Amino acid sequence: MGLGEASARGTAMDGDCLSCIKYLMFVFNFLIFLGGSFLLGVGVWVLVDPTGFREIITANPLLFTGVYIILAMGGMLFLLGFLGCCGAIRENKCLLLFFFMLILVIFLAELAAAILAFIFREHLTREFFTKELKRHYQGYNNTDVFTGTWNAVMNNFDCCGVNSPEDFEESLFRLINPNEMVPAACCRRGSQPGDSAYVNQDECLMGKMLFRNNKGCYSAVVDYFELYIYVAGALAIVVLTIELFAMVFAMCLFRGIQ
């Protein structure tokens, strides 16, 4: 009788533990579902954002690929969270195994993406952008993707060059336009919202500091997106941690289901 009671008590404890794992897994997968929704939202926002960030993304192959990776990962996490929730609540071993394999692949892909981002970080330095600007920026040829992108950035962020207007010295732009110190995209516009008229374009093109934007675009863009960069980094760490716990819970639940 004592053995029977102990066995029953042990079975009840196992059942309670399994139930706890099941609901913990549901919670973690719901968080993954929300994370996937957030990534999808970020990806769509970047592609339709009216402030000119879309032009920057389109012109840079690494960033362009990165946006679609974010969209793909968001879609997969969205689906993954849904499958995990269903597998946990219904205690379906097939769904749980599929969930585990899928989340393992995503986890490894995210890890690989982080390593690649670290390896290619030199492509996002001031020196790299300055060198590219000097070599390829033409000034007024908006049919050229690189030139059109830089014009959009300088117009939208009220900046000039990568570090400062001095970046145009000894550049392709000065070779094509020897009489201009900076391009028109660097010139200051009226202070009223929607005012697209230059304050004094002629003086600006001659390099007068009072009539041009003197802040570099690297600082302007980083300042604008600084909060988003920190949020994205923090979110990535949180998502990786959640995925790790979700895999552990999925295996525990899979092994516990009779």
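A crossing of two helices is left-handed if the near helix is turned anticlockwise from the far one by less than a right angle, and right-handed if clockwise. By this definition, helix 4 passes helix 9 in a left-handed crossing. The structure is a predicted model, in which local features need pLDDT of at least 70 and side-chain atom pairs count only at pLDDT 80 or more, while totals for chains, interfaces and linings use all residues. Residues are numbered from 1 along each chain as its sequence is written, and side-chain values use heavy atoms, with hydrogens and water left out.

## Overall composition

The protein contains nine helices and zero strands. Both kinds of element are DSSP runs numbered from the N terminus: helices are H or I runs of at least four residues, and strands are E runs of at least two. Of its 258 residues, 34% count as buried. Buried denotes under 20% relative accessible area, exposed over 50%, and partly exposed in between, for a 1.4 Å probe and protein chains only. The protein exposes about 14,900 Å², of which carbon and sulfur atoms supply 68%; such areas come from the Shrake-Rupley method with a 1.4 Å probe, and for residues only the protein chains shown count as cover. A contact means heavy atoms within 4.5 Å. Among contacts between residues at least 6 apart in sequence, 68% join residues at least 24 apart.

## Two helix pairs

The table sets out two packed pairs. Axes are lines fitted to C-alpha atoms, for helices over the stretch in contact, and angles run from 0 to 180 degrees between N-to-C directions.

| Pair | Angle | Axis distance |
|---|---|---|
| Helix 4 (residues 93-119) and helix 9 (residues 217-256) | roughly 150° | within 9 Å |
| Helix 5 (residues 126-136) and helix 6 (residues 145-157) | about 120° | 10 Å |

The axes of helix 4 and helix 9 cross at roughly 150°, which makes helix 4 roughly antiparallel to helix 9. Angles under 35 degrees count as roughly parallel, over 145 as roughly antiparallel, 65 to 115 as roughly perpendicular and the rest as oblique. Residues of helix 4 including L96, F100 and F107 take part in the contact, and those of helix 9 include L244, L253 and F254. By class, this contact has 17 nonpolar, no polar and three charged residues. Here Ala, Val, Leu, Ile, Met, Phe, Trp, Tyr, Cys and Pro count as nonpolar, Asp, Glu, Lys and Arg as charged, and the others, Gly among them, as polar.

Helix 5 and helix 6 pack at an angle of about 120°, and helix 5 is therefore oblique to helix 6. This crossing is left-handed. E132, L133 and H136 in helix 5 meet F146, T147 and W150 in helix 6. The residues of this contact divide into three nonpolar, two polar and one charged.

## Individual residues

L96 lies in helix 4 and is buried, with a relative accessible area of 1%. Not counting residues up to four places away in sequence, L96 touches M25, G87, A88, L253, F254 and I257. L96 and C85 are 11 residues apart in sequence and 9.5 Å apart in space, C-alpha to C-alpha.

The loop between helix 6 and helix 7 (172-176) includes D158, and E170 is found in that loop as well. D158 has a phi near 50°, a positive value in a residue other than glycine; at 47% relative accessibility, D158 counts as partly exposed. Phi of E170 is near 55°, again positive in a residue other than glycine, and E170 is exposed, with a relative accessible area of 81%.
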